[in-house]
Amino acid sequence: MEFNLIITGVGGQGGLTLSRIVGNAAMVEGYNVRIGETLGMSQRYGSVLSYLRFGEEVYSPLIEEGKANLMLALEPAEALRNARFLGRNSYAIINAYPIHTATTLVGKEKYPELDEIKDAVGRICPVDMLNFQEEADKINPRTLGVLMLGYAYGKGLILLKKESLYEGIKATLREKLWEVNFKALERGIELAR
């Protein structure tokens with residue numbers, strides 16, 4: 001078994017932390033885990049991309065174009081920017097809450113419409129696009145990634161046990177953040193129903 005996950009967003013959204021949560025959860029189940037990161041400006045608004053691979057025999061963190069099993073896009077335009085990793089056997093979960101990146105803020109790029117993003121990615125693979133940020137804000141705005149992880153788990157798209165996801169949260173975050181993230185994970189699972 002081999003699982004390839006792309007987590008994409010912008011600096012400050014918690015994509016790198018999310019990759020560590022999933023990586024730690026996979027290690028709990030005894031999988032080999034490889035994580036690679038491409039950081040634009042990893043401060044606020046810069047593009048951030050995490051490659052996470054786990055399985056019995058995984059040697060490189062890089063995911064070939066078209067080979068991601070799942071994309072968790074914390075920011076919609078970043079889903080489009082990284083769509084090359086998706087193929088017809090992939091699934092994309094996209095947060096429909098735009099954050100203008102440095103390039104759109106200075107007018108270097110035009111920010112695409114949400115429907116354009118969903119349609120473009122949808123020509124490659126199935127897509128679920130919801131305003132996950134709105135749901136995360138009801139718990140804690142910084143739980144966006146874990147809420148989306150819960151949604152993916154609820155859809156049967158994460159090949160890990162829920163208990164392992166809890167352990168991944170515990171291994172990655174300080175204890176005072178556990179409960180709020182457990183709540184976000186459960187809310188994501190509820191949204192998937």
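Leaving aside neighbours within four places in sequence, N4 is in contact with L52, R53, I63, K67, A68, N69 and L70, where contact means heavy atoms within 4.5 Å. This is a predicted model: local features need pLDDT of at least 70, side-chain atom pairs count only at pLDDT 80 or more, and totals for chains, interfaces and linings use all residues. Residues are numbered from 1 along each chain as its sequence is written, and side-chain values use heavy atoms, with hydrogens and water left out.

Where does N4 sit? N4 is found in strand β1, residues 2-10. Strands (E, at least two residues) and helices (H or I, at least four) are DSSP runs, numbered from the N terminus. N4 counts as buried because its relative accessibility is 6%; buried means under 20% relative accessible area, exposed over 50%, and partly exposed in between, using a 1.4 Å probe and protein chains only. The side chain of N4 also makes a polar contact with the side chain of E2, at 3.5 Å. A polar contact is a pair of N or O atoms within 3.5 Å; within protein, one must be able to donate a hydrogen and the other to accept it, and residues adjacent in sequence count only if both atoms are side-chain atoms.

L70 takes us on to the core. Not counting residues up to four places away in sequence, L70 touches F3, N4, L5, I6, Y91, I93, A152, L157 and I158. The largest nonpolar core has 37 residues, and F54, L70, I93 and L160 have the most contacts inside it. Such a core is a set of buried Ala, Val, Leu, Ile, Met, Phe, Trp, Tyr and Cys residues joined through side-chain atoms within 4.5 Å. The largest share of the 37-residue core, seven residues, comes from α6. Apart from this core lies another of 21 residues, including I63, F85, A92 and I117.

Now for the helix pairs. Two packed helices are described by the angle between their axes and the distance between the axes. Axes are lines fitted to C-alpha atoms, for helices over the stretch in contact, and angles run from 0 to 180 degrees between N-to-C directions.

| Helices | Residues | Angle | Axis distance |
|---|---|---|---|
| α5 and α6 | 132-139 and 144-154 | about 115° | 9 Å |
| α7 and α8 | 162-172 and 178-192 | about 145° | 10 Å |

In the α5 and α6 pair, F132, Q133, E135, A136 and I139 meet L144, L147, M148 and Y151.
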